[in-house]
Amino acid sequence: MTARFEGKVALVTGAASGLGRASAERLSAEGAAVVLVDVDGDRAAEVASGLGGETFVTVADVSDERAYEEAFAAGVARFGRIDLHHLNAGIFGSFVPLPELTVKEFERVLAVNVRGQFLGMRAAFRQYEAQGSRGSIVVTASIASLTGAADLLAYHTSKHAVVGLVHGAAVYGGPLGIRVNGVAPGIVPTELFAAAATATGGKDDMGIRASTTPLRRAGTPEEIAGVTAFLLSEDAAYVTGQIVSADGGATIVNTVRPSGGAGAWDTRAVDEPLYRGNPNWRGHA
C-alpha cells in the first residue's frame, strides 16, 4: 500500500470500532501517525495495539467541550501537530416513532453527532492556524444526510445538519487551503446498530435491505475507509465541500420504478407496527 500520509498525523474520533477503527487502520497503513479518540479508551487502545505505526490514545466524549479540547491537546502534545481529521464519532438513538421521542434523547443524539462534529472542526481550524499549515477534514455523514425515513428522526436530523457543517466549513476553509468533505455511507453493518440488531431497520436485516441497492450488497468499513483516505489525501486536492456517497448506489434509485423495487415489498408489514392504533392511518381497520 502506498504511503500517501508519510510524515502526517491523523486524528480519528470514534476510533474504537466500526468505521472509525477501519479508518485508523487505513491511515496507519498508509504511513500516518494516528491519534485515536473514543469514549471507550480500552477498546481504542486495543485497536491502537494492532496498528503498525505510531499511535496515541486519548479518551473523550466528543460532545463535551472541555473533554474534547483536553483530548485534542493531548494528541497535539504527543506529536506536535495534527494534519488530517476524520470526525467520525456518532450515535443513532432509538427506533421509537416521532410522537414517543423524548427531548432528552433528541438532544443527546444532536449533541454527539452535531455539536461533537462542530467541536472537532473548530479544534482543527484553530490548530491549523497555530501550526501555520493547510489541511484536510472529513466528516462521517450518512445516507440519512440525503434522504428521510419514518424512524431514527434524531439521527436523520443530525446527519442533515452535518451537511450544513461541511458546506459552511468548506467555504470558510477554502481560502486558507483547508478542505472539508463528508463521506456518506449507506448500509454498512457495524457495532453502531448492534444494540438494536433485531429491530426492523436494525443490524439483522441489513443484508436484506442492502440487496435492493444497485450493487445488491452491503458495504464494509474498509470500503468506507478507502473513500475517507482518498478525501483526506492530496489525490483529492481539488475536492472540497462535497458529500461523497458510498452507498452501493442506494440514493440514486427511483423506488417507484420496477427496477427500484416498486411493489416488491409489503408496506403493511412495515406500517402496521409503526402506526397500529392511530385512527388516521390509512390502513386502519
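**Exercise 1. Is Thr58 buried or exposed, judging by its relative accessible area?**

Before we start: this is a predicted model, where local features need pLDDT of at least 70, side-chain atom pairs count only at pLDDT 80 or more, and totals for chains, interfaces and linings use all residues. Residues are numbered from 1 along each chain as its sequence is written, and side-chain values use heavy atoms, with hydrogens and water left out.

Step 1. Get the value: Thr58 has a relative accessible area of 9%.

Step 2. Apply the cut-offs: buried is under 20%, exposed is over 50%, and partly exposed is in between (1.4 Å probe, protein chains only). So Thr58 is buried.

Step 3. List its partners, with contact meaning heavy atoms within 4.5 Å. Not counting residues up to four places away in sequence, Thr58 touches Val35, Leu36, Val37, Asp38, Ala71 and Ala74.

**Exercise 2. Work out how helix 1 and helix 7 pack.**

Step 1. Take the geometry: helix 1 (residues 18-29) and helix 7 (residues 221-232) pack at about 55 degrees, their axes 8 Å apart. Axes here are lines fitted to C-alpha atoms over the stretch in contact, and angles run from 0 to 180 degrees between N-to-C directions.

Step 2. Look at who meets whom. Helix 1 brings Gly18, Leu19, Ala22, Ser23, Arg26 and Leu27, which meet Pro221, Glu222, Ile224, Ala225, Gly226, Thr228, Ala229 and Leu232 of helix 7.

**Exercise 3. Describe the ring pairs Tyr68–Phe72 and Phe92–Phe95.**

Step 1. Count: the structure holds three aromatic pairs. Rings of Phe, Tyr and Trp (its six-membered ring) pair if their centres lie within 6.5 Å; planes under 30 degrees apart are stacked, over 60 edge-to-face, the rest tilted.

Step 2. For Tyr68 and Phe72, the centres are 6.2 Å apart and the planes at 35 degrees, so call that pair tilted. Both Tyr68 and Phe72 are buried.

Step 3. For Phe92 and Phe95, the centres are 5.5 Å apart and the planes at 55 degrees, so that pair is tilted. Phe92, at 8% relative accessibility, is buried, and Phe95 counts as buried at 17%.

Methods
Helices (H or I, at least four residues) and strands (E, at least two) are DSSP runs, numbered from the N terminus.
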